[in-house]
Amino acid sequence: MTSLLDRPVMPDDGDITAAVAALPHVKDFLATHPGPEVVHLVVDDEHGDSLTVPRSAVELLAQVLAHMASGQGVSIVPSQAELTTQQAADMLNVSRPYLIGLLERGDIDFRKVGTHRRIKAASLMKYMRADDRRRSAAADELHALTQEMI
């Protein structure tokens, strides 16, 4: 199976509508069925086939549907995948030179292959989570200051 890193799925209007309709059902299933390690899915067609998938795959499906429902493109990147600096910059929505500054400062782990930098997807995701926490804390602080001024 090839990685979707180089070709994210960009939802069209039909995909967005389907994702909006499916997401509450998937979330409801996960909330009301907390126990099973595997989930049996039944295909609604003349064959009545069923699929058995790990629960974690259904949880991931819920995340994919949430992004698609909001019109965002989705890529699947294995955690051990190594990204080029351009791929990592695209995921962060920053310029490549800005990303290289982050790498050289030690904000994101990387390794060199010859003269090229390679970033583990897991390291990039760790940085993204930490950056989200920093932004959230800054927004909370700004909100608190605003409330004090009122």
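Guide: Asp131 forms a salt bridge with Arg134, with 3.4 Å between the closest N and O atoms, where a salt bridge is a side-chain nitrogen of Lys or Arg within 4 Å of a carboxyl oxygen of Asp or Glu. The model is a predicted one, in which local features need pLDDT of at least 70 and side-chain atom pairs count only at pLDDT 80 or more, while totals for chains, interfaces and linings use all residues. Residues are numbered from 1 along each chain as its sequence is written, and side-chain values use heavy atoms, with hydrogens and water left out.

Both Asp131 and Arg134 belong to helix H5 (residues 121-149), where three residues, about one turn of the helix, lie between their positions in the count; helices (H or I, at least four residues) and strands (E, at least two) are DSSP runs numbered from the N terminus. Asp131 is buried, at a relative accessible area of 16%, whereas Arg134 is partly exposed at 45%; buried means under 20% relative accessible area, exposed over 50%, and partly exposed in between, with a 1.4 Å probe and protein chains only.

Asp131 also forms a salt bridge with Arg135, whose closest N and O atoms are 2.6 Å apart. Because Asp131 and Arg135 are four residues apart in helix H5, about one helical turn separates them. Arg135 is exposed, with a relative accessible area of 55%. Through shared partners, the salt bridges join Asp131, Arg134 and Arg135 into one network.

S4 pairs with S5 (residues 116-120) in the antiparallel sense over three bridges, and Arg111 has Arg118 in S5 as its bridge partner.

The whole structure holds six salt bridges. One of them joins the side chains of Arg55 and Glu59, at 3.1 Å from N to O, within helix H2 (residues 55-69). Here Arg55 is buried at 12%, while Glu59 is partly exposed at 35%.

How values were computed:
Two strands pair if DSSP finds at least two bridges between them.
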